[in-house]
Amino acid sequence: MTGVENSECTVAIGRPLREEITVSILESSLNCTAGEVLLFSGRMMWRTGCRKLPLSLINSRTNTLIVKQRVFLPGNGVILQYNSRTATKKYYQDCDKQVFGPQGEIVNPVQLPDQRQEVVCRTFINVAPWHRIAIRALYIDLGPTSNQTHFNYILVRDVSTMKTMVFHGKQQFFWQSTGSQAEIEFHENVKDHQTSFWAEYRAIEPK
């Protein structure tokens, strides 16, 4: 991330679920007094730094990591090296899914009968930095909503703002994020196995 033309540069690193990412800073020419800085952010961590970066080792604790660099002087920047390994602590459910890329499909997860009923299955969506995510629900049937004890719903979260929207029943929707990351939570009564959800997502240009 050295010699870049833009003052702000972003790198997104993604690996399969069950892995975590470690980043080491090999070189750094950031000018801390000028306000140049490096930001690391993930689903379970957030860290900024400038001084003594070559001594730092960053652990994402999950399978994705975003690195943002802000520089003001030409030629300044950092050189990073990253590796992935099997996560030391389980941060996901077996029914969770991770999707990358500019477009794709999202379907409701299928839980095994022996899985705990209170498990919430999630789908994580990551697209390229500076892009946003558009999700269009093409078919949705979450069953009757009259049973208030066990009702099914879908929660969509905009990771950059942590704002959420909840959808019930057969409510089709079109949703857009403000950043490049989104999460969908499937809250359902697994004893029913009557829920059905199919949607498409695509990366769209920033506003």
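In the predicted model, four strands form an open sheet in the order E9-E16-E11-E14, and their pairing is antiparallel. Strand E9 (103-107) and strand E14 (174-176) lie at the edges, each pairing on one side only. On average, neighbouring strands of this sheet are turned by 20° against each other, direction ignored. Within the sheet, strand E11 (residues 132-141) runs antiparallel to strand E16 (residues 196-204), and nine bridges join the two. One of the residue pairs involved is Ile-135 with its bridge partner Tyr-201 in E16.

Two disulfides were identified, and with bonded cysteines counted along the chain they follow the pattern 1-2, 3-4. The link of Cys-32 and Cys-50 is left-handed, with -100° about the S-S bond. Cys-32 is partly exposed at a relative accessible area of 22%, while Cys-50 is buried at 14%.

The sulfur atoms of Cys-95 and Cys-121, which form a disulfide, are 2.1 Å apart. Because Cys-95 lies in the loop between strand E7 (78-86) and strand E8 (97-100) and Cys-121 in strand E10 (residues 121-126), the pair ties together parts that are 26 residues apart in sequence. The link of Cys-95 and Cys-121 is left-handed, with -100° about the S-S bond. Cys-95 is buried, with a relative accessible area of 7%, and Cys-121 is buried at 0%.

Definitions and conventions: Residues numbered from 1 in each chain as written. Predicted model: local features only at pLDDT ≥ 70, side-chain atom pairs only at ≥ 80, totals over all residues. Heavy atoms only, no water. Pairing = 2+ DSSP bridges. Axes fitted to C-alpha atoms, helices over the stretch in contact; angles between N-to-C directions. Disulfide = S-S within 2.5 Å. Buried < 20%, exposed > 50% of the residue type's maximum accessible area, 1.4 Å probe, protein only.
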